[in-house]
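User: I have a chain here that I would like to go through with you. Could you take me through it piece by piece?

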Amino acid sequence: MFNVKNKAYIHLKENYMVAQKMLEGNVLWSYDHELTEGKNSGWIKKIAGLFSFLKPLHNHEGNILLASNGIFITGDEQLELPLSHIEEVYMGFDDLFPASSIKNFGAFWQPIRIKSVISHSESQTVYLVINYTGIFSDNKTWFNTLISLLR
């Protein structure tokens, strides 16, 4: 199995592109449909983060790489998000990932939500928590870098 760096390199080599590595780290992440499925049954999990050292809401863990042409995630599941397919980037809380689900109600960090196109009629939304330390994350740095790449 390839690690994140090799996966990005192979992807770039196949497309005959030269991409620059911007950031890399570890990631906790979920698809929106996974958070929706657990919305009614997982209320205890959502408030448990307030009172313990549990990791924030997530269904997958792995490594993440932001390159000048996309986001590459490897781990228990692989995901590639080409920058050209990204429709929306948002940092903050919403109904699926509420502030009440984490310690300090989001005083120190907020999740990144990325909506991307899969096909003409289908899209996907993922929620990311990057380099989580138990109190802080690097989401603000990643969000600002991603926004600058998309402009």
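User: To start, where does F108 lie?

Analyst: F108 lies in the loop between β5 and β6, with strands being DSSP runs of E of at least two residues and helices runs of H or I of at least four, both numbered from the N terminus. Please keep in mind that this is a predicted model, in which local features need a pLDDT of at least 70 and side-chain atom pairs count only at 80 or more, while totals for chains, interfaces and linings use all residues. Residues are numbered from 1 along each chain as its sequence is written, and side-chain values use heavy atoms, leaving out hydrogens and water.

User: Why does F108 count as partly exposed?

Analyst: Because its relative accessibility is 42%, and partly exposed is the range between buried, under 20%, and exposed, over 50% (1.4 Å probe, protein chains only).

User: And how confident is the prediction for the protein chain?

Analyst: The average pLDDT, the predictor's confidence in each residue from 0 to 100, is 83 for the protein chain, and 77% of the residues score at least 70. Over residues 6–13, however, the pLDDT is below 50, although this stretch has 13 contacts in the model beyond near neighbours in sequence, a contact being heavy atoms within 4.5 Å. Where pLDDT is low, the predicted coordinates should not be read in detail.

User: OK, what about the overall fold, how many helices and strands?

Analyst: The protein chain has four helices and seven strands, which run α-β-α-α-β-β-β-β-β-β-α from the N terminus on. Of its 151 residues, 45% count as buried.

User: Which residues touch the most other members in the largest nonpolar core?

Analyst: In that core of 22 residues they are I71, I112, I114 and L128, where a nonpolar core means buried Ala, Val, Leu, Ile, Met, Phe, Trp, Tyr and Cys residues joined through side-chain atoms within 4.5 Å. Among the elements that give two or more residues to this core are β1 (21–31), β3 (70–75) and α4 (139–150), and α4 gives the most, with four residues. Apart from this core lies another, of 11 residues, among them L28, L35, F97 and Y132.

User: Now V89, is that one buried or exposed?

Analyst: V89, whose place is in strand β5, is buried, with a relative accessible area of 16%.

User: And what is V89 in contact with?

Analyst: Leaving aside neighbours within four places in sequence, V89 is in contact with I112, R113, I114, F143, L146, I147 and L150. The C-alpha atoms of V89 and Y127, 38 residues apart along the chain, are separated by 10.0 Å.
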